[in-house]
Amino acid sequence: MAAEKQVMVVGIDDSDFSTNALEWTLDHLVSPVPNPIFKLVLVYAKPSVASSVGFVGPGAAEVLPVVDADLRRTATKVVEQAKELCKKKSVNDVTVEVVEGDPRNVLCDAVEKHHASILVVGSHGYGALKRAVLGSVSDYCAHHANCTVMIVKKPKTKH
């Protein structure tokens with residue numbers, strides 16, 4: 001009987017940082033190995049309509065469906081691009097989940113749900129001030145996920 005594969009959760013979104021993290025993971029941890037030890041679970045945290053629209057009042061009934069449709073289109077685009085990248089790297093054993101909520105909580109919950117051994121997230125490269133104001137998904141996950149967290153930084157471009 002073959003041993004059950006460990007689970008690797010990779011956070012994806014519509015940023016280049018996320019694409020870079022997924023590509024790095026595929027290149028270094030998954031696709032070069034003939035029989036990878038990890039089952040790959042890609043997780044996209046879809047923002048809720050309420051968090052995307054800062055007002056509720058007259059006109060909200062017309063705006064909310066439009067915002068929701070846009071969020072769904074973005075989720076579909078992100079998922080399709082991630083699947084295509086996996087396919088291009090000959091990685092076919094991939095599960096993709098779209099979960100509504102804050103990325104910090106969604107990713108940590110996915111780690112728990114799948115009993116993941118590792119969580120991979122991209123770094124947006126925020127400085128201390130931006131991190132303090134905006135919050136950092138990677139920083140939060142590094143402190144709260146119950147597994148190893150790998151933060152993949154985008155390589156700096158050389159001039």
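Colleague: Is histidine 115 buried or exposed?
Modeller: Histidine 115 counts as exposed, because its relative accessibility is 68% and the cut-off for exposed is over 50%. Keep in mind that this is a predicted model.

Colleague: Where does histidine 115 lie?
Modeller: Histidine 115 is in the loop between α4 and β4, with β4 covering residues 118–123.

Colleague: And what is the phi of histidine 115?
Modeller: Phi of histidine 115 is near 55 degrees, which is a positive value in a residue other than glycine. Most residues other than glycine have a negative phi.

Colleague: What about serine 90, what is its phi?
Modeller: Serine 90 is not glycine either, and its phi is positive, near 60 degrees. Serine 90 sits in the loop between α3 (60–88) and β3 (94–100).

Colleague: Why does serine 90 count as exposed?
Modeller: Serine 90 has 60% relative accessibility, so it counts as exposed. The cut-off is over 50%.

Colleague: Switching to helices. What does α4 do with α6, in terms of angle and axes?
Modeller: Helix α4 (residues 103–114) packs with helix α6 (residues 137–144) at an angle of about 35 degrees, and their axes are 9 Å apart. The crossing of α4 and α6 is right-handed.

Colleague: Which residues meet there?
Modeller: From α4 there are Pro103, Arg104, Asn105, Leu107 and Cys108. From α6 they meet Val137, Tyr140, Cys141 and His144. By class, this contact of α4 with α6 has 6 nonpolar, 2 polar and 1 charged residues.

Colleague: Now α1. How far apart are its end C-alpha atoms?
Modeller: The end C-alpha atoms of α1 (residues 16–30) are 20 Å apart. At 1.5 Å a residue, its 15 residues should span 21 Å, so the two values agree.

Colleague: Which residues of α1 are buried?
Modeller: The buried ones in α1 are Ser18, Asn20, Ala21, Leu22, Thr25, Leu26 and Val30. An α-helix has 3.6 residues a turn, so residues three or four places apart point the same way.

Colleague: Zooming out, how many helices and strands does the chain have?
Modeller: The chain has 6 helices and 5 strands. Starting at the N terminus, their order is β-α-β-α-α-β-α-β-α-α-β.

Colleague: How much of the chain is buried?
Modeller: Of the 159 residues in the chain, 36% are buried. The chain exposes about 9800 Å², and 55% of that comes from carbon and sulfur atoms.

Colleague: Last one: what share of contacts with a separation of 6 or more is between residues 24 or more positions apart?
Modeller: Such pairs account for 79% of those contacts in the chain.

How values were computed: Residues numbered from 1 in each chain as written. Predicted model: local features only at pLDDT ≥ 70, side-chain atom pairs only at ≥ 80, totals over all residues. Heavy atoms only, no water. Helix = DSSP H or I, 4+ residues; strand = E, 2+ residues; numbered from the N terminus. Expected span 1.5 Å × (residues − 1). Buried < 20%, exposed > 50% of the residue type's maximum accessible area, 1.4 Å probe, protein only. Axes fitted to C-alpha atoms, helices over the stretch in contact; angles between N-to-C directions. Left-handed = near helix turned anticlockwise from the far one by under 90°. Contact = heavy atoms within 4.5 Å. Nonpolar A, V, L, I, M, F, W, Y, C, P; charged D, E, K, R; others polar. Areas by Shrake-Rupley, 256 points an atom, 1.4 Å probe, with all protein chains shown as cover.
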